[in-house]
Amino acid sequence: MPPVAPSHPVYLRLVRASGWYDLIVTAGFATPWTYALVHRLLSAGGEAAGLGAMPALTPIQTLYANLMGSVVVVWSVLRVVRPLPLHGLLDGVARVLFALWQAYALAHGGPGVLWPFLVLEVSFGVAQLAPWARARAAAVGEAGRGVRESGQGW
């Protein structure tokens, strides 16, 4: 299949799919009660898989998880209800940032249970940013051809 442009329906389905993924994965982070359950499940799953448990639950950790969960849930609903090319670009940038901070946490002793999330962040980020990078490279190439053809170049 040839590469798709950011405005292509296939790309918009990817934007919507990433919204559904985020909604499913982060909805449990949005309230203190659901985060306590998610924290226990992540700890148990991490220990069972040999990836380590989550750090002990604290009120500040819960606050930050709830803030992140609330914002991501709203952002996810927007992408599910109204996927736009710009939403894919911005989500790709956000995923780069999330991946950087997850990698930072892992490099500084964070629980290995972060690894699967890091892999998915990078995968969705690359998938959503690649069409924009290709479009940019094509535009730069066309601009360069136009300059050379007009004799305006170096």
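Modeller: From the N terminus on, the elements of the protein chain run α-α-α-α-α. The model is a predicted one.

Colleague: How many helices and strands does the protein chain have?

Modeller: Five helices and zero strands.

Colleague: How do you know what radius of gyration to set the protein chain against?

Modeller: A compact globule of 154 residues would have one near 15 Å. The protein chain has 20 Å. Its C-alpha trace spans about 65 × 35 × 30 Å along the principal axes. Of the 154 residues, 31% count as buried.

Colleague: What share of the contacts with a separation of 6 or more comes from residues 24 or more positions apart?

Modeller: That share is 68% in the protein chain.

Colleague: Now Ser76. Why is Ser76 called buried?

Modeller: Buried means under 20% relative accessible area. Ser76 has 0%, so Ser76 is buried.

Colleague: Where is Ser76, and what is Ser76 in contact with?

Modeller: Ser76 lies in helix α3, residues 59–81. Leaving aside neighbours within four places in sequence, Ser76 is in contact with Gly19, Asp22 and Leu23.

Colleague: What makes α1 and α3 roughly antiparallel?

Modeller: The angle. Helix α1, residues 9–26, and α3 cross at roughly 150 degrees. Angles over 145 count as roughly antiparallel. Therefore α1 and α3 are roughly antiparallel to each other. Their axes come within 8 Å. The crossing is left-handed.

Colleague: Why is α1 called oblique to α4?

Modeller: α1 and helix α4, residues 85–107, pack at an angle of about 50 degrees, with their axes 9 Å apart. Roughly parallel needs under 35 degrees, and roughly perpendicular starts at 65. An angle of about 50 degrees therefore makes α1 oblique to α4. α1 passes α4 in a left-handed crossing.

Colleague: Which residues make up the contact of α1 with α4?

Modeller: Tyr11, Leu12, Val15, Ser18, Tyr21 and Asp22 in α1 meet Pro85, His87, Gly88, Leu89, Asp91 and Arg95 in α4. Six of these residues are nonpolar, three polar and three charged.

Methods: Residues are numbered from 1 along each chain as its sequence is written. This is a predicted model: local features need pLDDT of at least 70, side-chain atom pairs count only at pLDDT 80 or more; totals for chains, interfaces and linings use all residues. Side-chain values use heavy atoms; hydrogens and water are left out. Helices (H or I, at least four residues) and strands (E, at least two) are DSSP runs, numbered from the N terminus. Buried means under 20% relative accessible area, exposed over 50%, partly exposed in between (1.4 Å probe, protein chains only). Contact means heavy atoms within 4.5 Å. Axes are lines fitted to C-alpha atoms, for helices over the stretch in contact, and angles run from 0 to 180 degrees between N-to-C directions. Angles under 35 degrees count as roughly parallel, over 145 as roughly antiparallel, 65 to 115 as roughly perpendicular and the rest as oblique. A crossing is left-handed if the near helix is turned anticlockwise from the far one by less than a right angle, and right-handed if clockwise. Ala, Val, Leu, Ile, Met, Phe, Trp, Tyr, Cys and Pro count as nonpolar, Asp, Glu, Lys and Arg as charged, and the others, Gly among them, as polar. The radius of gyration is taken over C-alpha atoms; the globule rule is 2.2 Å times the number of residues to the power 0.38.
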